[in-house]
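Could you walk me through this structure with some questions and answers?

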Amino acid sequence: MLKPFNLLAIIAATMAVSACAGNKPIETLPEVVSQPVAFATTYKPASHTDFVIRNVDVYVGNGAQLDDIDVLVSGGKIARIGTGLDSSAFEIDGSGLWLTPGLIDVHSHMGVYPQPETSNHSDGNEMTSPTTAEVWAEHSVWPQDPAFEKARAGGITTVQVLPGSANLFGGRSITLKNVDSVTVQGMKFPDAPYGLKMACGENPKRVYGSKGQLPSTRMGNVAGYRKAWIDAADYRDTWQKYASDIKAGKDVKPPKRDLKLETLMGVLNGEILIQNHCYRADEMAQMIDIGKEFGYTIRAFHHAVEAYKVAPLLAQEDVCAVMWADWWGFKQEAFDMVRENIALVDFAKGCAVIHSDDPIQTQRLNQEIAKALAAGNKLGLNMDRAHAMRWLTLNAAKVIGLEDKIGSVEAGKNADLVLWDQDPFSSFAKPSKVWIDGVVVHDAAGQNTTADFNLGIINAEEDRP
Amino acid sequence: MKRLVLLATGLLSVHLSAAEVLIDNVMIYDGQKDPYQADMLLRDGVIAEIGQNLTTTGSIIDGRGKTLSAGIFNGNTHLGVVEVGAIKDTVDYRSDNIDYTASLSVAEAINPYSVLIPYNRSLGLTRALVVPENDNHIFAGSAALIQLRDDQMILNPSVGMVVNLGQHGKDVAGGSRATGLAMLRTALDEAKEFAAYKSQIMKGEYRDLSLSYHDLAALQPVLSGDLPLIVKVDRAADILRVVELAQQYKLSLVLMSAREAWRVASELANAKVAVIMDPINNLPMGYDSLGARLDAAAILNQAGVELVFTGMGDDASHNAALVRQSAANAVAHGLPVTAAIKAITSTPARLFNAEKFGGIQIGQPADLVIWDGHPLEAMSIPEHVYVAGKAMSLVSRASRLADRYLQRIRAFQGN
């Protein structure tokens, strides 16, 4: 279940984080109102069998490497890790194979920009207003997108699906388990926080400037962000007053909900994580300052082609940089790409993360971190593979607020696992098996469920390969 | 006996009087045989000897633990004709002018000083096809063959006539793919008429034709079979129609994109039609490519179809060197390593009449890469790149930026 949208809890949390913005802290508030859970997750793992993978080499995901070790999965969780584990569970011989956490792609448009790329399916960006914080990506997700299963075959077990980047505020993201499902509710990651997509730079000013409206400049972008946060702070104050009145025993009606401001208020109280499309170093610094002005923090800059230029700042402010290994040049703000970007951010003690933003690249993010690692080492940064695996696992989990549940092969975590036929830093490596919560969701040697779209579409008897 | 070891590039000038470079004990992937360990001697930029225990009075590159391949080729790029994708001022591969279609020569727009050139060269790319596009016509013009040296970039300004009969071609032809084929047939017929009635046509004593005289003139080498028609097309049924048309007109045909080519692999092998493809594309981007799959290259190769790779993905200009990663993924899905290397080295060289490049043969100009790992592994990085006999710098604008900011981060940490 997603967290109930408890406005009073939000208000209480808001007081804690926004004291610097000049609001008086409120003590505890009575839980008199809470919004119904909207679009609750219906995800439940299929029945799982306990199993133990024997004698496997493990990139743990937290920077460590374990060689020739046993991993026991019980009840959908990683139960124990050790040598010669005493277990009667079903055995998988892992000798010569590699195990990693399930891979996490924190920037995907699968489902909202599905395949085939036709206009009827193009639901990823509500490009009708610079601030569309009221839209939720999950309402556009088409679970039959044939890209999901290809990502699964590449080891992707968790994806954050984001709205597009034409808007200053593009709407809520959704974190999904990459499982076969008829409904998006059946994919929603239980208890995952929502994200709010924001965008810097060229896209918003181009899209709205070309319509003759604000923003048409970067200064217009910033004015647009600030106006929205002023409105959000006001909205929060309205709810705060309501909560105070209730506490004082007054008989008052709750304020009218506003979906746009509700999402922004969720950011101000720390429940919704800012996922900020931002390429240029100088703009990242500006966005951090806007956060300080209004009392919120940014979880991650996405694309972050120039993150290496402000790597110490990002480390100091604890903002993750979500990057490609080498994509560049498609626009001016992506011109200063260096292949060492990810490694340099990490070297500066920042939270470095890989992402795809692309249904082809998401199928092989292991190769992308391999390239980023090789580039960093060529520069003399001297990092090892186990360390680099964090960029695709535990650091990625932090971006979406799930580092306590996924992102590493550690006891107690969800059994989201990928068993590789060889070292995943090789371009020739492929997942043999992929598990989510201890359930096999891809088996290279077996029959895998294919999307409805694929059935009988090559010819009546033949599915899309 | 190896007498000298090259310690620093500063020594290069001292020892170059010998004009010899010995690459000592390197694993050679020649795209023909299984990889083998050997020494290679370069003399005046030419591969002089390949063998065991070679000696030199010149410089030595220690090849132990390294590999060597021919320079990498990408079969569909916009190198030299785009700087920043979203800045139209810098984009010259795309025309919307219907008065210059088949006669457009993209070579005339190429900027040899583009920052994309040193960047991609530093990652092992030495040669590429530069392919034009036209927003409003099925004919885009002739594709150019380049090598990644600013002093002699264009090897051949016209190695193929590019026609788009894919989704884009269907749209510009008026919405039906049948119209696209009709436009192609009409153009070829009129090109024949142009040859037969040139003087009347040039004097204006002939009926109006669908293409201008210079476009019809540009199609003459296509009609004679000297210039391949490079057709962008994906759907299997469309591919067969294009093959049939090429046979009717006795054209030399090369397919591009061709995401469903695997479904008609034996027909393509029989017709000896080569395919320029990105093996990484396995999603149905449109209804023309429902059959896209990761083992398409393996299936085509098995059937005997000649392959040239492009990619990776949509970024085959700024990241044209990533064609190597596309090739590696074809290997991961069934294509033999040797076949993958051929598709990014010798096959395109032969197909586009640049046979002195693309292979590892004595007497050829050194056009090769020495890698710090397997030549197809994404982690491997070039340590030396030779283009047409010349050792190239591996510095790029990107490497300059990385060096600058590493220093700044180190300085910050020192404080």
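Me: What should I know before I start?
Reply: This is a predicted model, where local features need pLDDT of at least 70, side-chain atom pairs count only at pLDDT 80 or more, and totals for chains, interfaces and linings use all residues. Residues are numbered from 1 along each chain as its sequence is written, chains are lettered from A and ligands numbered from 1 in the order in which they are written, and side-chain values use heavy atoms, with hydrogens and water left out.

Me: Where in chain B does E377(B) lie?
Reply: Helices (H or I, at least four residues) and strands (E, at least two) are DSSP runs, numbered from the N terminus. With that numbering, E377(B) is in the loop between strand 16 (368-371) and strand 17 (382-387) of chain B.

Me: Which side chain makes a polar contact with the side chain of E377(B)?
Reply: A polar contact is a pair of N or O atoms within 3.5 Å; within protein, one must be able to donate a hydrogen and the other to accept it, and residues adjacent in sequence count only if both atoms are side-chain atoms. Contact in general means heavy atoms within 4.5 Å, and leaving out residues up to four places away in sequence, E377(B) touches residues including F425(A), F428(A) and R324(B). The polar contact, at 2.7 Å, is with the side chain of S426(A).

Me: Which residue with a positive phi follows helix 11 of chain B?
Reply: Helix 11 (residues 323-332) of chain B is mostly covered, with ten of its ten residues buried. Among them are R324(B), Q325(B) and N329(B). The helix is followed by a residue with phi near 110 degrees, and that residue is G334(B).

Me: Which side chain is joined to T126(B) by a polar contact?
Reply: T126(B) lies in strand 8 (residues 125-130) of chain B and is buried, with a relative accessible area of 0%. Leaving aside neighbours within four places in sequence, its contacts include G71(B), I146(B) and Y386(B). The polar contact, of 2.8 Å, is with the side chain of D367(B).

Me: Why is the pair of Y235(A) and W239(A) called edge-to-face?
Reply: Rings of Phe, Tyr and Trp (its six-membered ring) pair if their centres lie within 6.5 Å; planes under 30 degrees apart count as stacked, over 60 as edge-to-face and the rest as tilted. The structure holds 21 aromatic pairs over all chains. In this one the centres are 6.4 Å apart and the planes are at 65 degrees, so the pair is edge-to-face.

Me: How many residues apart are Y235(A) and W239(A) in helix 4?
Reply: Y235(A) and W239(A) are both buried. An α-helix has 3.6 residues a turn, so residues three or four places apart point the same way. In helix 4 (residues 218-247) of chain A, Y235(A) and W239(A) are separated by about one helical turn, being apart by four residues.

Me: Which ring does the charged end of R127(B) sit over?
Reply: A charge sits over a ring if NZ of Lys or CZ of Arg is within 6 Å of the ring centre and within 35 degrees of the ring normal. R408(B) lies over the face of Y405(B), at 4.9 Å from the ring centre. For R127(B), the distance is 3.7 Å from the centre of the ring of F357(B).

Me: Which residue forms a salt bridge with R280(A) at 2.7 Å?
Reply: A search of the whole structure finds 48 salt bridges over all chains. E283(A), buried at 8% relative accessibility, forms one with R280(A) at 3.9 Å between the closest N and O atoms. At 2.7 Å, the partner of R280(A) is D282(A).

Notes. Buried means under 20% relative accessible area, exposed over 50%, partly exposed in between (1.4 Å probe, protein chains only). A salt bridge is a side-chain nitrogen of Lys or Arg within 4 Å of a carboxyl oxygen of Asp or Glu.
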